[in-house]
Amino acid sequence: MPSVETKSSEETVALGARLGRLLEPGDFVALVGELGAGKTQFAKGIALGLEVDPETPVTSPTYTILNVYQGRIPLYHFDLYRLQGADEVADLGFEEYFSGDGACVVEWAERLEDEVPQELLTVELSHRGEGRCVCFHAEGARPNAVLKALFPC
(Lines give C-alpha, C1' and ligand atoms only; values in the text may rest on other atoms or scores of the structure.)
Protein backbone atom coordinates (compact mmCIF):
# COMPACT_ATOMS: atom_id res chain seq x y z
CA MET A 1 0.00 0.00 0.00
CA PRO A 2 1.81 3.16 -1.17
CA SER A 3 1.76 6.19 1.07
CA VAL A 4 2.88 9.79 0.67
CA GLU A 5 3.46 12.50 3.23
CA THR A 6 2.27 15.95 2.22
CA LYS A 7 3.53 18.92 4.17
CA SER A 8 0.86 21.47 3.16
CA SER A 9 -2.61 21.84 1.69
CA GLU A 10 -0.97 22.77 -1.60
CA GLU A 11 0.94 19.48 -1.67
CA THR A 12 -2.26 17.56 -0.85
CA VAL A 13 -4.05 19.33 -3.72
CA ALA A 14 -1.11 18.61 -6.07
CA LEU A 15 -1.20 14.90 -5.19
CA GLY A 16 -4.94 14.84 -5.84
CA ALA A 17 -4.34 16.52 -9.22
CA ARG A 18 -1.86 13.79 -10.17
CA LEU A 19 -4.56 11.21 -9.45
CA GLY A 20 -7.26 13.23 -11.24
CA ARG A 21 -5.25 13.23 -14.47
CA LEU A 22 -5.45 9.41 -14.46
CA LEU A 23 -9.15 8.98 -13.74
CA GLU A 24 -11.61 7.76 -16.36
CA PRO A 25 -15.39 7.26 -16.47
CA GLY A 26 -16.53 4.70 -13.92
CA ASP A 27 -13.58 5.18 -11.56
CA PHE A 28 -14.50 5.33 -7.89
CA VAL A 29 -12.29 6.98 -5.27
CA ALA A 30 -13.21 6.45 -1.62
CA LEU A 31 -11.80 9.16 0.66
CA VAL A 32 -11.58 8.18 4.31
CA GLY A 33 -10.10 9.90 7.32
CA GLU A 34 -11.04 11.91 10.36
CA LEU A 35 -12.57 15.37 10.24
CA GLY A 36 -10.03 17.89 8.94
CA ALA A 37 -7.66 15.26 7.54
CA GLY A 38 -7.58 16.83 4.06
CA LYS A 39 -10.24 14.91 2.13
CA THR A 40 -11.73 18.03 0.56
CA GLN A 41 -8.29 19.42 -0.35
CA PHE A 42 -7.50 16.12 -2.05
CA ALA A 43 -10.86 16.28 -3.90
CA LYS A 44 -10.00 19.83 -5.06
CA GLY A 45 -6.82 18.41 -6.56
CA ILE A 46 -8.71 15.64 -8.31
CA ALA A 47 -10.97 18.30 -9.84
CA LEU A 48 -7.92 20.17 -11.14
CA GLY A 49 -6.54 16.96 -12.61
CA LEU A 50 -9.87 16.33 -14.33
CA GLU A 51 -9.60 19.81 -15.88
CA VAL A 52 -12.48 21.35 -13.96
CA ASP A 53 -12.22 25.12 -14.46
CA PRO A 54 -9.78 26.34 -11.77
CA GLU A 55 -12.12 29.30 -11.15
CA THR A 56 -14.88 26.90 -10.08
CA PRO A 57 -14.96 26.61 -6.29
CA VAL A 58 -14.72 22.98 -5.28
CA THR A 59 -16.30 22.66 -1.87
CA SER A 60 -17.37 19.78 0.29
CA PRO A 61 -21.04 19.03 -0.38
CA THR A 62 -21.75 18.36 3.30
CA TYR A 63 -25.32 19.67 3.12
CA THR A 64 -26.15 18.99 -0.52
CA ILE A 65 -24.40 15.58 -0.41
CA LEU A 66 -23.44 15.75 -4.13
CA ASN A 67 -21.72 18.36 -6.27
CA VAL A 68 -21.22 17.76 -9.99
CA TYR A 69 -18.32 19.45 -11.75
CA GLN A 70 -17.73 19.46 -15.49
CA GLY A 71 -14.20 18.79 -16.70
CA ARG A 72 -12.65 16.41 -19.18
CA ILE A 73 -15.21 13.99 -17.69
CA PRO A 74 -17.84 14.75 -15.04
CA LEU A 75 -16.71 14.65 -11.42
CA TYR A 76 -19.34 13.44 -8.96
CA HIS A 77 -18.16 14.67 -5.56
CA PHE A 78 -20.07 13.18 -2.63
CA ASP A 79 -19.82 13.98 1.07
CA LEU A 80 -21.63 11.41 3.20
CA TYR A 81 -20.72 12.92 6.58
CA ARG A 82 -24.33 13.69 7.50
CA LEU A 83 -25.66 10.26 6.51
CA GLN A 84 -26.02 7.46 9.04
CA GLY A 85 -25.33 4.49 6.81
CA ALA A 86 -25.73 2.63 3.56
CA ASP A 87 -29.54 2.48 3.84
CA GLU A 88 -29.78 6.28 3.60
CA VAL A 89 -27.46 6.27 0.58
CA ALA A 90 -29.56 3.56 -1.10
CA ASP A 91 -32.71 5.62 -0.48
CA LEU A 92 -31.12 8.58 -2.30
CA GLY A 93 -30.28 6.49 -5.40
CA PHE A 94 -26.66 7.57 -5.75
CA GLU A 95 -25.42 4.16 -6.90
CA GLU A 96 -26.30 5.09 -10.50
CA TYR A 97 -23.39 7.55 -10.41
CA PHE A 98 -20.92 4.95 -9.18
CA SER A 99 -20.35 3.39 -12.59
CA GLY A 100 -21.59 6.18 -14.82
CA ASP A 101 -20.01 8.54 -17.32
CA GLY A 102 -17.81 10.31 -14.80
CA ALA A 103 -15.50 9.69 -11.87
CA CYS A 104 -16.88 9.46 -8.32
CA VAL A 105 -15.04 10.87 -5.35
CA VAL A 106 -16.76 10.05 -2.07
CA GLU A 107 -15.78 11.68 1.21
CA TRP A 108 -16.70 9.60 4.27
CA ALA A 109 -17.03 6.57 1.97
CA GLU A 110 -17.03 4.24 4.96
CA ARG A 111 -20.67 5.27 5.43
CA LEU A 112 -21.47 3.25 2.30
CA GLU A 113 -20.59 0.08 4.22
CA ASP A 114 -21.07 -2.84 1.79
CA GLU A 115 -22.59 -0.64 -0.92
CA VAL A 116 -19.20 0.39 -2.37
CA PRO A 117 -18.37 -0.81 -5.87
CA GLN A 118 -16.21 -3.93 -6.10
CA GLU A 119 -13.49 -1.97 -7.90
CA LEU A 120 -12.35 1.10 -6.02
CA LEU A 121 -9.35 3.11 -5.00
CA THR A 122 -9.36 3.95 -1.31
CA VAL A 123 -7.38 6.98 -0.19
CA GLU A 124 -6.93 7.30 3.56
CA LEU A 125 -5.81 10.67 4.86
CA SER A 126 -4.56 11.26 8.38
CA HIS A 127 -2.82 14.00 10.33
CA ARG A 128 0.95 13.75 10.54
CA GLY A 129 2.37 16.68 12.46
CA GLU A 130 1.71 19.78 10.37
CA GLY A 131 1.12 17.66 7.27
CA ARG A 132 -0.84 14.65 6.15
CA CYS A 133 -0.16 11.01 5.48
CA VAL A 134 -1.99 9.85 2.36
CA CYS A 135 -2.26 6.06 1.96
CA PHE A 136 -3.60 4.31 -1.14
CA HIS A 137 -5.26 0.90 -1.50
CA ALA A 138 -6.63 -0.49 -4.76
CA GLU A 139 -9.23 -3.21 -5.23
CA GLY A 140 -9.71 -4.46 -8.78
CA ALA A 141 -7.84 -4.36 -12.08
CA ARG A 142 -8.62 -0.76 -13.08
CA PRO A 143 -7.83 0.78 -9.65
CA ASN A 144 -4.58 -1.20 -9.53
CA ALA A 145 -3.64 0.12 -12.98
CA VAL A 146 -4.35 3.68 -11.80
CA LEU A 147 -2.23 3.14 -8.70
CA LYS A 148 0.61 1.70 -10.78
CA ALA A 149 0.48 4.76 -13.08
CA LEU A 150 0.42 7.08 -10.06
CA PHE A 151 3.42 5.36 -8.44
CA PRO A 152 5.48 3.76 -11.23
CA CYS A 153 8.40 1.66 -9.97
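In which sense do E3 and E4 pair, and over how many bridges? I looked this up first. E3 and E4 run antiparallel, with four bridges between them. For my notes, strands pair if DSSP finds at least two bridges between them. Helices (H or I, at least four residues) and strands (E, at least two) are DSSP runs, numbered from the N terminus.

Housekeeping: this is a predicted model, where local features need pLDDT of at least 70 and side-chain atom pairs count only at pLDDT 80 or more, while totals for chains, interfaces and linings use all residues. Residues are numbered from 1 along each chain as its sequence is written, and side-chain values use heavy atoms, with hydrogens and water left out.

**Sheet**

I stayed with the hairpin: E3 and E4 have five residues between them. Tyrosine 69 sits opposite leucine 75 of E4. On E5, leucine 75 has alanine 103 opposite. E4 (residues 75-79) and E5 (residues 103-107) are parallel and joined by five bridges.

Then I traced the whole sheet. It is open, with seven strands in the order E1-E7-E6-E2-E5-E4-E3 and mixed pairing. E1 (3-6) and E3 (66-69) are the edges; each has a single partner strand, so one side of each lacks a neighbour in the sheet. From one strand to the next, the twist averages 20°.

**Helices**

What lies across the sheet? I found H1 across E1, E2 (28-32), E6 (120-128) and E7 (131-139), at about 145° to E1. H4 (residues 141-150) lies across E6 and E7, at about 140° to E7. Axes are lines fitted to C-alpha atoms, for helices over the stretch in contact, and angles run from 0 to 180 degrees between N-to-C directions.

Next I checked H1 (residues 9-20) against H2 (residues 39-49): their axes come within 6 Å and cross at roughly 45°. That makes H1 oblique to H2 (under 35 degrees is roughly parallel, over 145 roughly antiparallel, 65 to 115 roughly perpendicular, the rest oblique). Contact here means heavy atoms within 4.5 Å. Among the contact residues I noted Val13 and Leu15 of H1 and Phe42 and Ile46 of H2.

**Rings**

Last, I searched the whole structure for aromatic pairs and got three. Tyrosine 81 and tryptophan 108 have ring centres 4.9 Å apart and planes at 55°, so I logged the pair as tilted. Rings of Phe, Tyr and Trp (its six-membered ring) pair if centres lie within 6.5 Å; planes under 30 degrees apart are stacked, over 60 edge-to-face, the rest tilted. Tyrosine 81 is in the loop between E4 and H3 (86-92), and tryptophan 108 is in the loop between E5 and E6, 27 residues apart.
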